[in-house]
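Work through the exercises below with the coordinates open. Each task is followed by a stepwise solution.

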Amino acid sequence: MERGNHTVTEFILVGFTTDPVIQLILFVVFLGVYSVTVVGNTILMALICNDSRLHTPMYFFIGNLSFLDLWYSTVYTPKILVTCISEDKSISFAGCLAQFFFSAGLAFSECYLLASMAYDRYVAISKPLLYSQAMSITVCAFLVAASYFGGFVNSYIITKRTFALNFCGDNVIDDFFCDLLPLVKLACGRKDGFQTLRYFLLASNVIIPIVLILTSYLFIITTVLRIRSTQGCLKAFSTCSSHLISVTLYYGSILYIYCHSGYRYSMDRNKIVSTFHTVVFPTLNPMIYSLRNKDVKEALNKLFK
């Protein structure tokens, strides 16, 4: 990966606050949230692997989503916990690069994975007789692999462009992790093309998956409206409810960050939204896909018994 002319060898993460009492409270809160994330996603993955009733395309995607969320949260939370209780707020240049690369790759991958899950729901509802054939294990594995490939290719592009900049002055990042806009703000010299790059990333990783999701649900709604019984309609929509909640929360936070981010932006407000997106959201997904799901609850009861 190309590297610019750097005099900065490390960055300082400001975090949320300098008040030691509030930092301790935040440490306890984030430790609790991270523990729930690890336990919740690990249990959900274990249930999907061990219970034969959950060996279906839908749960294959949910299991991969849990793995991705667990990895995504782990990129951020341990460093946040250290920052909260340690006087050393620094992160090395290489550590910042690695965190940036994996966080962007996992975030972009989840965008594509949620689009793949929408396609799965479309096939299940619109073409139920062809579902097992259309969503074979080969197709499912390809969609998951393509999601990761697309996510990390885009992450490589943005990471290469960002860390090829010259960092020769201030090294204080007013955030709790290495993010694009604070890093570009710190860079010295020319920053041509970054606004264009942001729009490219928005289009390729957010807009295109959203269009695919909306198209899938348009076909789903068309199919459901043809169902004559009310019970049939409710059952069809219930299979999509968890995915819709997940999509709304995830893309809602991403679009907010993209739409309100610029070279003039409120860091305090962005920190709150970023915290939800990076730390809280991975905790919610196991609850979204288990509390409203009869099969998962039955598998969980069987596990405890």
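**Exercise 1: the second largest cavity**

Helix α2 supplies three residues, the largest share, to the lining of the second largest cavity. This is a predicted model, where local features need pLDDT of at least 70, side-chain atom pairs count only at pLDDT 80 or more, and totals for chains, interfaces and linings use all residues. Residues are numbered from 1 along each chain as its sequence is written, and side-chain values use heavy atoms, with hydrogens and water left out.

Task: Find the volume of the second largest cavity and the classes of its lining residues.

Solution. 
- Step 1. On a 1 Å grid over the protein atoms alone, a cavity is a set of points where a 1.4 Å probe fits but cannot get out; a pocket is an open set with protein on both sides within 12 Å along at least five of seven lines; lining residues have an atom within 4 Å of a point. Grid points are joined across faces, edges and corners, and a volume is the space filled by probe spheres set on the points.
- Step 2. Count. Two cavities of 30 Å³ or more turn up.
- Step 3. Read the volume. The second largest cavity has about 70 Å³.
- Step 4. List the lining. Among its residues are Val14, Phe16, Gln23, Ile80, Cys84, Lys89 and Phe176. Elements giving two or more residues are α1 (20-50) and α2. Helices (H or I, at least four residues) and strands (E, at least two) are DSSP runs, numbered from the N terminus.
- Step 5. Sort by class. The lining has six nonpolar, four polar and one charged residues. Ala, Val, Leu, Ile, Met, Phe, Trp, Tyr, Cys and Pro count as nonpolar, Asp, Glu, Lys and Arg as charged, and the others, Gly among them, as polar.

**Exercise 2: the largest pocket**

Task: State which element gives the most to the lining of the largest pocket.

Solution. 
- Step 1. Take the volume: about 570 Å³ for the largest pocket.
- Step 2. Locate the centre. Of 21 lining residues, the closest to it are Met58, Arg121, Ser238, Thr239 and Asn293.
- Step 3. Collect the elements with two or more lining residues: α2 (57-85), α3 (93-126), α8 (230-260) and α10 (294-304).
- Step 4. Helix α8 gives the most, with seven residues.
- Step 5. Check the classes: nine nonpolar, six polar and six charged.

**Exercise 3: the cysteines**

Task: Find the disulfide and give its handedness.

Solution. 
- Step 1. Search the whole structure for cysteine sulfur atoms within 2.5 Å. One disulfide is found.
- Step 2. Name the pair. Cys96 and Cys178 have sulfur atoms 2.1 Å apart.
- Step 3. Take the torsion. About the S-S bond it is about -135 degrees, so the disulfide is left-handed.
- Step 4. Cys96 is in α3 and Cys178 in the loop between β3 (172-173) and α6 (180-186), so the bond ties together parts 82 residues apart in sequence.
- Step 5. Check Cys49. Cys49 is in no disulfide, and the nearest cysteine sulfur, that of Cys140, is 14 Å away. Cys49 is exposed, because its relative accessibility is 58%.

**Exercise 4: Asn154**

Task: Is Asn154 buried or exposed?

Solution. 
- Step 1. Read its relative accessibility: 7%, so Asn154 is buried.
- Step 2. Find its partner. The side chains of Asn154 and Ser204 make a polar contact of 3.4 Å. A polar contact is a pair of N or O atoms within 3.5 Å; within protein, one must be able to donate a hydrogen and the other to accept it, and residues adjacent in sequence count only if both atoms are side-chain atoms.

Definitions and conventions
Buried < 20%, exposed > 50% of the residue type's maximum accessible area, 1.4 Å probe, protein only.
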